[in-house]
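Hi,

Here is the structure I promised to pass on. Have a look at it first, and my notes follow below.

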Amino acid sequence: QRGESVVNEDGIEIKPEQVVGKNRSGRKFSFVTDTMYLPSIAKEVKGSDLLICEGMFADGCEDQAKEKKHMTSRQAATIARDADVLRMGLIHYSPRYNDKELNVLLEQAQQVYPEARLTKDRMRIEIPYVE
Ligand SMILES: [Zn+2]
């Protein structure tokens, strides 16, 4: 994996290309929670393969979100859009919203980042390699 040949116990040289594939880029995962919306967050999560970002509140709660150091789902989606992430999931919702009302948060996020989805703790999400 370090690009070096090794010699096995029989004295046979094993070259890297005999056992590993071509170089490929890694995968970037970003998790953002418990923060107010800051445009600069997009720089930190730029190009993520997967961004999981809190989207605690719906539109109209921007002031409350800022005061509580949280953000709206639309603000979360704005980060995803500005950071050109490949996938984005919302998480960390206010308990004021029931499951059905969470779809409102999702719809508001999707107006900015159409591929946004709702996620929850312990959910598994595949992050494929970009070939
Ligand atoms: Zn929190």
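**What I found**

There are 3 salt bridges in the structure, a salt bridge being a side-chain nitrogen of Lys or Arg within 4 Å of a carboxyl oxygen of Asp or Glu. Before I go through them, some ground rules: this is a predicted model, so local features need pLDDT of at least 70 and side-chain atom pairs count only at pLDDT 80 or more, while totals for chains, interfaces and linings use all residues. Residues are numbered from 1 along each chain as its sequence is written, and side-chain values use heavy atoms, with hydrogens and water left out.

**The salt bridges**

Asp84 pairs with Lys46, with 3.5 Å between the closest N and O atoms. Asp84 sits in the loop between H4 and E5 and Lys46 in the loop between H2 and E4, so this bridge ties together parts 38 residues apart in sequence. (Helices are DSSP runs of H or I with at least four residues, strands are runs of E with at least two, and both are numbered from the N terminus.) Asp84 is exposed at a relative accessible area of 52%, whereas Lys46 is partly exposed at 42%. For these labels, buried means under 20% relative accessible area, exposed over 50%, and partly exposed in between, with a 1.4 Å probe and protein chains only. Asp84 also has a positive phi, near 50 degrees, and follows H4.

Arg74 forms a salt bridge with Asp59, and here the closest N and O atoms are 2.7 Å apart. That pair links distant parts of the chain too: Arg74 is in helix H4 and Asp59 in the loop between E4 and H3, 15 residues apart. Both partners are partly exposed, Arg74 at 24% and Asp59 at 29%.

Asp82 bridges to Arg81, at 3.1 Å between the closest N and O atoms. Asp82 is partly exposed at 33% relative accessibility, and Arg81 is partly exposed at 42%.

**The zinc site**

Which residues hold the zinc ion? Asp34 (OD), His70 (NE2) and His92 (NE2) coordinate the zinc ion, at 2.0 to 2.7 Å. Donors here are N, O and S atoms within 2.8 Å of the metal (3.2 Å for Na, K and Ca), and water is not among the atoms, so the site may look incomplete. Along the chain the donors follow the spacing D-x35-H-x21-H. Asp34 is in the loop between strand E3 (29–32) and helix H2 (41–44), and His70 is in the loop between helix H3 (62–67) and H4, so that pair links parts of the chain 36 residues apart.

H4 (residues 73–82) includes Ser73. Is H4 mostly covered or mostly open? H4 is mostly covered, with 7 of its 10 residues buried: Ser73, Gln75, Ala76, Ala77, Thr78, Ile79 and Ala80. What covers them includes H2, E4, H3, E5 and H5. Ser73 itself has a relative accessible area of 0%. Leaving out residues up to four places away in sequence, Ser73 touches Gly55, Phe57, Leu90, Leu105, Gln108 and Ala109, where contact means heavy atoms within 4.5 Å.

E4 is mostly covered as well: 5 of its 5 residues are buried. Leu50, Ile52 and Glu54 lie on one side and Leu51 and Cys53 on the other. E4 pairs with E3 in the parallel sense over 4 bridges, and Phe31 stands opposite Ile52. E4 and E5 also run parallel, joined by 4 bridges, with Ile91 in E5 as the bridge partner of Glu54. Two strands count as paired if DSSP finds at least two bridges between them.

**The core**

The largest nonpolar core has 29 residues, and Leu51, Cys53, Ile79 and Met88 have the most contacts inside it. H2, strand E4 (50–54), H4, strand E5 (88–91) and helix H5 (99–110) each supply at least two of its residues. A nonpolar core is a set of buried Ala, Val, Leu, Ile, Met, Phe, Trp, Tyr and Cys residues joined through side-chain atoms within 4.5 Å. Beyond its neighbours within four places in sequence, Met88 contacts residues including Leu50, Leu51, Cys53, Ala76, Ala77 and Ala80.

Cheers
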